[in-house]
Amino acid sequence: MTDAQLQAVRRHFMAYANGYLAQAGAMRPMMELKREHCAFVARNCKELATVNGWPAQDVNTAEALGFLHDIGRFPQLEEFGTFLDAKSIDHGERGWQAIRESGLLDEVEPQLRDALLDGVRHHNGRTIPEGLPESHYRWIKLIRDADRLDIYRVVYDAIVNEELAAHPEIGLGLRLEGDPCPELIERILQGDPPAYTDLKTFSDFLLLILSWVGHMGYPATLQIMRERGIVGQFAAHLPTGQPQVAAAVRMFGRTVDAA
């Protein structure tokens, strides 16, 4: 992707997001959060692509994918007032649809355009589907990693700034009190990623997002996690006096440290 194409994507994203913000009402804080999130994910994409040694035009493409990945969140918030796909729409699918209809990527080489669309479509899936063109997987893995890195930032900021009660959407509306589910922890320890529908408490949610360390696409992502101290940040807000929880946190830490 050329510099000019990247600038066009950035302008389109800002105009799209600001259009929803102009009539957001009660959802305005969450839409502002998502606009900021997409900019941070674009930055993460650029950093990961650069560390991976990708050529300059691929770094541009990575950054563009970061801006575009969560476009489906804006109509989701407007129509349903939630981040929960299970209670509304698949926001990856909605974003894929919106970008196709906009014609934004029509000037991008078709194979690359289709890879970017698959990146948007599958960035939020529990797993990556098989059977896609092989060249698409590096983009899907990149956006999933970059997105997750910024989800850690968003959630941790909400914890330390005590914003979860005012904005329960960040914690998926889950109960802030209560221990994590033993069955969920056992699944994580067995390497089986839980689904959002399995969550009952905010502690469950923290364990789920930490379990992503076993499913990142690039070693550089784990290195960034180690540099940012992400596992330790969240461990401080989990009941690590419980043996199962402590075992899970140790497993996360070993995975990050081994990268």
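Predicted model: local features only at pLDDT ≥ 70, side-chain atom pairs only at ≥ 80, totals over all residues.
User: What makes up the protein chain, helices or strands?
Analyst: The protein chain has twelve helices and zero strands. Read along the sequence, its pattern is α-α-α-α-α-α-α-α-α-α-α-α.

User: How do you know that the radius of gyration agrees with a compact globule?
Analyst: Set the value against the rule. The rule is 2.2 Å times the number of residues to the power 0.38. With 259 residues, that puts a compact globule near 18 Å. The protein chain has 18 Å, so the two agree. As for the box, the C-alpha atoms fill roughly 55 × 45 × 30 Å along the principal axes.

User: Why are H1 and H4 called roughly parallel?
Analyst: Helix H1 covers residues 3-21 and helix H4 covers residues 73-80. They pack at an angle of about 5°, with their axes 10 Å apart. Angles under 35 degrees count as roughly parallel. That makes H1 roughly parallel to H4.

User: Which residues in H1 and H4 meet?
Analyst: From H1 come Phe13, Tyr16, Ala17 and Tyr20. From H4 come Phe74, Pro75 and Glu78. Contact here means heavy atoms within 4.5 Å. The residues of this contact divide into six nonpolar, no polar and one charged.

User: Why are H2 and H4 called roughly antiparallel?
Analyst: Look at the angle again. The axes of H2 and H4 cross at roughly 170° and come within 10 Å. Angles over 145 degrees count as roughly antiparallel. H2 and H4 are therefore roughly antiparallel to each other.

User: What makes the contact between H2 and H4?
Analyst: Met30, Met31, Lys34 and Arg35 in H2 meet Arg73, Phe74, Leu77 and Glu78 in H4. This contact divides into four nonpolar, no polar and four charged residues.

User: What volume does the largest pocket have, and which residues lie nearest its centre?
Analyst: The volume is about 890 Å³. The lining has 39 residues. Nearest the centre lie Arg73, Asn124, Ile151, Tyr196 and Trp212.

User: Which elements give two or more residues to the lining of the largest pocket?
Analyst: They are helix H2 (28-51), helix H7 (137-160) and helix H9 (202-211). H7 gives the most, with eight residues.

User: How do the residues of the lining of the largest pocket divide?
Analyst: There are 18 nonpolar, ten polar and eleven charged residues.

User: What makes the lining of the second largest pocket?
Analyst: This pocket has a volume of about 170 Å³. A lining residue has an atom within 4 Å of a pocket point. Residues that line the second largest pocket include Ile159, Leu164, Phe202, Leu206 and His237. H9 gives the largest share of this lining, three residues.

Methods
Residues numbered from 1 in each chain as written. Heavy atoms only, no water. Axes fitted to C-alpha atoms, helices over the stretch in contact; angles between N-to-C directions. Helix = DSSP H or I, 4+ residues; strand = E, 2+ residues; numbered from the N terminus. Parallel < 35°, antiparallel > 145°, perpendicular 65-115°, else oblique. Nonpolar A, V, L, I, M, F, W, Y, C, P; charged D, E, K, R; others polar. 1 Å grid on protein atoms, 1.4 Å probe; cavity = no way out; pocket = protein on both sides within 12 Å on 5 of 7 lines; lining within 4 Å. Points joined across faces, edges and corners; volume = space filled by probe spheres on them.
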